[in-house]
Amino acid sequence: MATSEKIQIMEKIVSLAKRRGFVFQGSEIYGGLNGTWDLGPLGTLLAKNIKEEWWKAIVQKRDDVLGLDSTILHHPKVWEASGHIKNFTDPLIECKNCHSRIRADHLPQDSKCLTCGKKDFTKAKDFNLMFKTSLGSTEEDAEVVYLRPETAQGIFINFDNVMQSSRVKLPFGIAQIGKGFRNEITTGNFLFRVREFEMLELEYFVKPGTEKKAHEYWQKERLNWFLNLGIKKENIKLVQLLKEDLAHYSKGTAEIWYDWPFMGFGELEGIASRGDYDLKQHMKTSGKDLTYFDEDDKDKYLPYVIEPSVGVGRAFLAFLIDSYTEEEIKGEARTVLKFNPKLAPIKVSVLPLVKDEKLQIIAKDIYKDLKENWFVTYDETSSIGRRYRRSDEIGTPFCITVDFDSLEDNSVTIRERDSMKQKRVSVTELSEYLRVKLS
Ligand code: ATP
């Protein structure tokens, strides 16, 4: 696909996302706040489903990973120990003509300023991405604290608490979902680079010497998670980072890249091998023993850690783009979000064929019944064809139509979103039919 076509598709996706209530610009009525986006009713559901699928795969279905929910604010020493105060920086340059601020490593060599076209920049300086705020009620005794730029440190500082309270043995992981904040120099590309975002992070602790195998294992697991939830094979790949591109803590990082319409292949998720860097730093700075006693080997050591880390918004964007489909059906355009049913915000739409009281009563009963288990909508406005298209556009996998035959045979028509095939199903078997199809 040509670049201009990809940009056009992206514009359509952004517009659909707003029109149907997936994503709104943050603080829109005040002209917007740069690098922030709000999730609308459908976006909230999509994000919730992504988080649930991640939690299920990483925590619920496994015996070796435990959950955590740490605070956003940590003791300032945490960031000193982790190296973030010193190293969590991006190189910032400023255009001397128009004063635009640009991330130097995002500007191709010999480029001109993207705002004014001049080529006269200041020297690059380190810009720390952490948001500062203060703790305490008076100016004098206020202490500088930071909004966490990642959830990982909350896990490391609770490593011993989890180990002692849950009596776990290596290898084991601690997983956490929560907000992260980064004062990015430049934001953009919709949800791709923002300043406030939710993160899905796992710290998987292993015995030193086994980290390579664990790193390879998690790369496969995470790639398969995206593939199993419907990302097309040709749009996603694993990439090993070069040594010079590694973060300050990393002993090796793989990334899952997605083929973004606005930039081509780029990072969707990072899977870093962090060694014992973080635990060692926290042990040194806090003075608390964070070593693990290996009962089998009668040995004491600091575990190494593998960290798969992905932003909910970036995953959201990949699933949204990947599912977006334009088709022509009998000369008519149809836009469909072909979400995996597990991710689809609304699972079923219940539609009386026409506004007839007898049909409405049955449809509303079915609607109420299904709502016990799933997010379901009821829609009786406009023609049935238009209602089908409306539910296709938000990725609803099934439409249930109640027609006049339903009054006789106690059955309804189920229409499947992608194939548009229709099937008669008895009302008594409806829940079970959907349970199988949606799981
Ligand atoms: P970059 O080098 O592109 O700034 P990073 O390597 O610093 O990114 P990580 O620290 O590896 O990013 O973050 C882990 C994951 O969090 C990323 O793979 C991405 O999914 C998500 N993420 C990071 N920064 C942002 C952001 N500003 N907006 C949205 N998601 C983000």
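C98 is partly exposed, with a relative accessible area of 28%. Partly exposed here lies between buried (under 20% relative accessible area) and exposed (over 50%), using a 1.4 Å probe and protein chains only. C113 is in no disulfide, and its nearest cysteine sulfur, that of C98, is 3.7 Å away. C113 counts as buried, at 4% relative accessibility. A disulfide is a covalent bond between the sulfur atoms of two cysteines. The rule applied here asks for a pair of cysteine sulfur atoms within 2.5 Å. By that rule the count comes to 0 disulfides. C98 is likewise in no disulfide.

This is a predicted model, in which local features need pLDDT of at least 70, side-chain atom pairs count only at pLDDT 80 or more, and totals for chains, interfaces and linings use all residues. Residues are numbered from 1 along each chain as its sequence is written, and side-chain values use heavy atoms, with hydrogens and water left out.

**Backbone**

Most residues other than glycine have a negative phi, and most peptide bonds are trans. Helices (H or I, at least four residues) and strands (E, at least two) are DSSP runs, numbered from the N terminus.

A cis peptide bond joins L170 and P171, with omega about -5°. P171 sits in the loop between α6 (159–166) and β9 (172–181).

**Nonpolar cores**

In soluble globular proteins, nonpolar side chains tend to be buried together. A nonpolar core is a set of buried Ala, Val, Leu, Ile, Met, Phe, Trp, Tyr and Cys residues joined through side-chain atoms within 4.5 Å. The largest such core has 54 residues. F22, I50, F226, L268, F316 and F319 have the most contacts inside it. Elements giving two or more residues to this core include the helices α1 (3–19), α2 (41–60), α7 (211–228) and α9 (312–323). Among the strands that do so are β10 (196–206), β12 (253–260), β13 (264–275) and β16 (304–311).

Contact means heavy atoms within 4.5 Å. Leaving aside neighbours within four places in sequence, F316 is in contact with F22, V23, L39, G43, L46, A47, I50 and L191. Another core, of 20 residues, lies apart from the largest one. V348, V350, V402 and Y433 are among its residues.
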